[in-house]
Amino acid sequence: MVALLLLLLLQLLLPAPVRSHLEFLCKWNVVLNNYETLSENTDKFYNQDPDSTVEYFFSKLEDSPLNNKEVYHGFPYFMKINFTCPDLRKDIKRDRLGPPKHSTPEALIRSGYLKGLIPFVLVTFQSPVNFRKWRTERLQIQMLGAPFQTLYQCHRQAYATCFLNWYTPMPMKNGSLVMEVEVSSNNQGELIKTAKFWININGFLKKEKDKLLFTLGTEVPKLIHRDFIDTPSRPLWATMDQAPVLILGGIPNNKKILLSDSGFKDFSLVEVNIDSCWLGTLQCPQKTFTASIFDTISTESTLFIRQNQLIYYFTGNYSHIRPKASQNWVRVLYNRCIKRLCPVELPGNGSEYILALAGGNEEGIFFFGTITDATVSFQQLPVSNSICEMFQVSECLLHWVIYNTEDYTFLLLLEFSYAGKKTFMLFEYIVVQGYPVDSLRLLYDIPSFIPKCEGSTFVMLLGMEKYTKQPLVPKGLFYNPFSHMLLIWGNAILQSYDKKNFIYLADFPYNISVKYVASNYKGEVVCVTENEEIWLVIEGSFKVHCLYPSLGWKIVFTLSQMQGSEMFSENETSISIFYDSMGLNQLVYLVYEDGKGRLLKRFLPVNEILVSQMITQNKPQISADMSQDYLSFIDACPFQLLQLYDLPQPQRFTRQERYYAEPPLVSSPSGFHTKVSLAIYQGLVYHLLSLHAMYNKPYADPVHDPTWRWWKDKKQHKAFYFYKASNFQSMYGLHIKMDGYEKVYNLSPEHNLPQHIFLDKGNNYSFSIYLVAQKSSMQSPYLTKRRSLRLAVVLAHPWCVSAKINEEDFINRNAILFKVVIKDKHLCFNQSISGHNLKKTSILIKSSLQVIGSAGKCFLRTRNGHVMQGNEFIPMFIGCPPGKRLAFDITTTLNHNKMVNKRYLDCVNKDPEMPCFLYSDPFFPFFLVQDMVTGESGSFNGSYILKVIGGGTSKDNIVDYSEADIFRYNSPNDTTESNIWTVKDNSTDAEAFSILRYNSPGIVWLCLKNSPCHDIIPESIYSPDFFFKIMVSNRGVDTSTYCDYQLIFILHIHGLPLSSGRALFFLQRSVVVCLILLSGYLLVCFIWLPVKNACLKLRMKFTDLLTQESYYSYTMSGTTLPSMISSKISTTDKISIRKSGSKKMF
């Protein structure tokens, strides 16, 4: 109590201005707004269709780096961002009848804006569950807030900047329904704590007559006390980090559920419209009947509820599964007696799962539900007889089932009664695919009584320990696949890491019983008891910490009351305890002194509670030094300082892709944006994410970056665009910075270890830990316990991952530097597509002093509160990490083919996106391994198999080949003369396909007579072309990586030869035509001159006849003068006249 009084007095003595500098008092607020109603109200995220109104503004942009031919769209919502701060002037005289009123004074927001405050908004998209339909990736986008003022509300204000808020687009990504929004400041202006929000798509809303309604029930407008006061808390079950909408039942005698699409930051009370209530039968007896909804489970797209023995589900209206959306609650497992639902919180194999336990006459049967893309199916297990029928006992009860998504097995907690004696056993149930008989194996026979601890914090259950007379009654199971930790919980907590050898955690009292557990799967498990106590289990420690009720809780509660926090009240009821990405949270119903109630979600400060608890348990000692007495406290932490060094860049191991976008610059003197500039901002962010989604081309770009094509033709005019904007000559007064929309590849490491690590084959993760040991005494500060200070790395799968620790002593600093290297052993994974079916494992880094661990004993004070140190749990994923792909290196392929073949002949009609290759030249393909996260792009040097899986004479008529055809066209062992291609030094594997390497001698095109590219009829005077659909895969032939690279691309080959028969046919026709032409030429050359002379002679004779005829006619009928003239013409002159006439004719 002395320590508690000292803490309270210290808090009271500190004035409000001093306390305000010790911690962040202001907080961010984020709501959604529609473009048409900016700053007017708060919207729900139900509309999932892109907005096309922004296209009008983009079409008007001139002299900008954008391509006007591209179509721009926008997202349907904006994020409105502001902050609130408590009124410190009322810190002493606070109204005790209710919570303190946090205001959003416009003057405070204006002050922050004028000081340079800019919010940074980081949106993280959760990858969809079904990795077969959607690309597995961990995507983020960071945006800057654009200041915008609501002018229509300023007519009564004296300020020019009233109702100021910051706005950013609310982006969406195909398939992703869950978005985590993190808002932080640029460290200017007010000190505001970084805040996280869940902004998820709600597919259970519809709009009718301009009003939003729930599709699964009717919203209850007001909360009443009787629905929450003194009601027992219940678990919040959902697929971890994948469920956009969370639901919680347990409302007494009502078909009501709490529903939230923001992680219960806000919520709605909905009365579900289910069709019936089953009262029970003789085959399914029921002790009591109630209308309450008992078990609720949320998945990515579907909600499940249980009312009595009835199971219902409802599928949301999401854009990618709209045909499967429900109109009403669907009842499943008809005529089945379901007594309980068990969650499967981690997805696996691209699906989500749920377990339904049967009761009554069907005891010992459970139903395994699978949800894949909103398609729900249930399978009865065991298929034939129940498990209880296998044992000849008087009573058999199946209490709990856990599904392990790693090895596809089930853990069963069964209770048997033998002659009035109850026994609990742990079984493993294995479904053997393809066999009618499944496997049931006993793992552990749970002791019937509580072991005696005899003063220790744990007892190893080896069969030789002593037991009390208190019965041990298990109720459920918890399993962490990352660490293999299994908990059997009830009125005792048993812990195991191999499912066979268990440890009894003796700090948990046996006179209370756990009713449900919650975990973050990162080393912490919270147990909630029947009397609402909260107990914490930290992996790596055998001690169980009581969080509530405890003296540490009382200190935190008292200090919060002194600060006037609205998060705590003397009269409160715990509704649920659950984890999210922010930590441990509690949904609690508060009743203030004025009688008003409020349901809210509050963060449970676990570290602050443990620190306060540790201070109260640490008794002060009076020590003497230099004839003076002083108080000293024994520090339970084994080290004085812990620091991390040599941390690698995080993106390579966290696989987090990040884009950066900032709003366009505006020429307004005040810097405020308009609705037009916000629409442009919306369209730019949409286009940036569209480029990311479309950057999956098989042909690699010369520059490995999705944004390269966006600006590649406009970068050279960058100065011109800035000149136009700086002289107020740009359209809408905007300037779009091309450098403001980019992909970030060089994130700096933070001062802590990553939340998770991905390791490919043979990869290693290394870092250093610097520990300064505690001093032994004030008289001899250098006589320390440094030699006893140790660092341990606990591996969940030591046969998969190795750890190496090297230590370096710094005696003069009383410190040790530990260098840790975590490395994959090449043993525990085969091959898979990027991000698919990764193996879960973990490492636990513990610092200790001899046998004294640091879990729950070492804390670091930061502005954001206390942080636990010395016990780091890091989940790891082994396999092909997300963000890696194989691409066709067209640039290197062209250059190498030109160099080897001494020529390159492209098609007549050139396509810059798909260059042609000549059939007669050997083909040398090259490929790139591109890392979408780090931006690295290097040559693929492994082995691979190349297959032609389709083809056609044009890109429009490409036909996919069957498996038999693929073998005939690609296998060198084919005997049907169907090969399309071959290599010179061929090597085959068991599948009889050619194995190629990066330095292969090249591909020679064959197109044998039974292949599809044989005997192609040309459509023009040019040689025929053919388009090959080629698949490249390294599966089963490449041992350098866990990645199963699969690349499918189109290869254009021109200059294909004709078949011998068709060539001979064309040759014959050509010869005939040539002979005809030659004959004609010869005829002209040899026959034309005689014919010409004959014609000339005939002409001359005809002319002579005409001349003589004319002469006689003129002589007989003419005068004497013409006759005299005619008679004087000689015979020689007549011949010359005839020749001149004949020349004129020809």
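Strands, as named here, are DSSP runs of at least two residues, numbered from the N terminus. The model is predicted, and the mean pLDDT of the protein chain is 85, with 88% of its residues at 70 or more. Four strands, β20 (338-343), β24 (395-404), β31 (474-480) and β35 (514-519), each give at least two residues to the lining of the second largest pocket.

**Confidence**

- Residues 1-22 have pLDDT under 50 throughout, and the model gives this stretch 22 contacts beyond four places in sequence.
- Residues 1137-1146 also have pLDDT below 50, with 5 contacts in the model beyond near neighbours in sequence.
- Where pLDDT is low, the predicted coordinates should not be read in detail.

**Second largest pocket**

- The volume of the second largest pocket is about 1,400 Å³.
- Its lining is made up of 41 residues, and those closest to the centre are F294, D295, R306, K339 and R340.
- Strand β20 contributes the most to this lining, with 3 residues.
- By class, the lining of the second largest pocket has 17 nonpolar, 14 polar and 10 charged residues.

**Cavities**

- Rolling a probe the size of a water molecule over the atoms shows where empty space is left.
- There are 6 cavities of 30 Å³ or more in the structure.
- The largest cavity holds about 280 Å³ of space.
- Of the 21 residues that line the largest cavity, P343, E345, F478, Y479 and Y521 lie nearest its centre.
- Strands β24, β31 and β35 are the elements that supply two or more residues to the lining of the largest cavity, and β24 gives the most, with 5 residues.
- The lining of the largest cavity consists of 17 nonpolar, 3 polar and 1 charged residues.
- The second largest cavity has a volume of about 90 Å³.
- Residues that line the second largest cavity include L61, E62 and D63, as well as Y721, A725 and H735.
- Helix α10 (718-726) and strand β47 (734-735) each provide at least two residues of the lining of the second largest cavity.
- This lining divides into 7 nonpolar, 3 polar and 2 charged residues.

- Strand β22 (residues 366-372) pairs with β23 in the antiparallel sense over 7 bridges.
- G369 has F378 in β23 as its bridge partner.

**Backbone details**

- The peptide bond between L381 and P382 is cis, with omega near -15°, and P382 is in the loop between β23 and β24.
- A cis peptide bond also runs from Y548 to P549, with omega near -5°.
- P549 sits in the loop between β38 (544-548) and α5 (551-562).
- N253 is not a glycine, although its phi is positive at about 55°.
- The loop that holds N253 lies between β13 (246-248) and β14 (256-260).

Terms used
Residues numbered from 1 in each chain as written. Predicted model: local features only at pLDDT ≥ 70, side-chain atom pairs only at ≥ 80, totals over all residues. Heavy atoms only, no water. 1 Å grid on protein atoms, 1.4 Å probe; cavity = no way out; pocket = protein on both sides within 12 Å on 5 of 7 lines; lining within 4 Å. Points joined across faces, edges and corners; volume = space filled by probe spheres on them. Nonpolar A, V, L, I, M, F, W, Y, C, P; charged D, E, K, R; others polar. Pairing = 2+ DSSP bridges. pLDDT = per-residue confidence, 0-100. Contact = heavy atoms within 4.5 Å.
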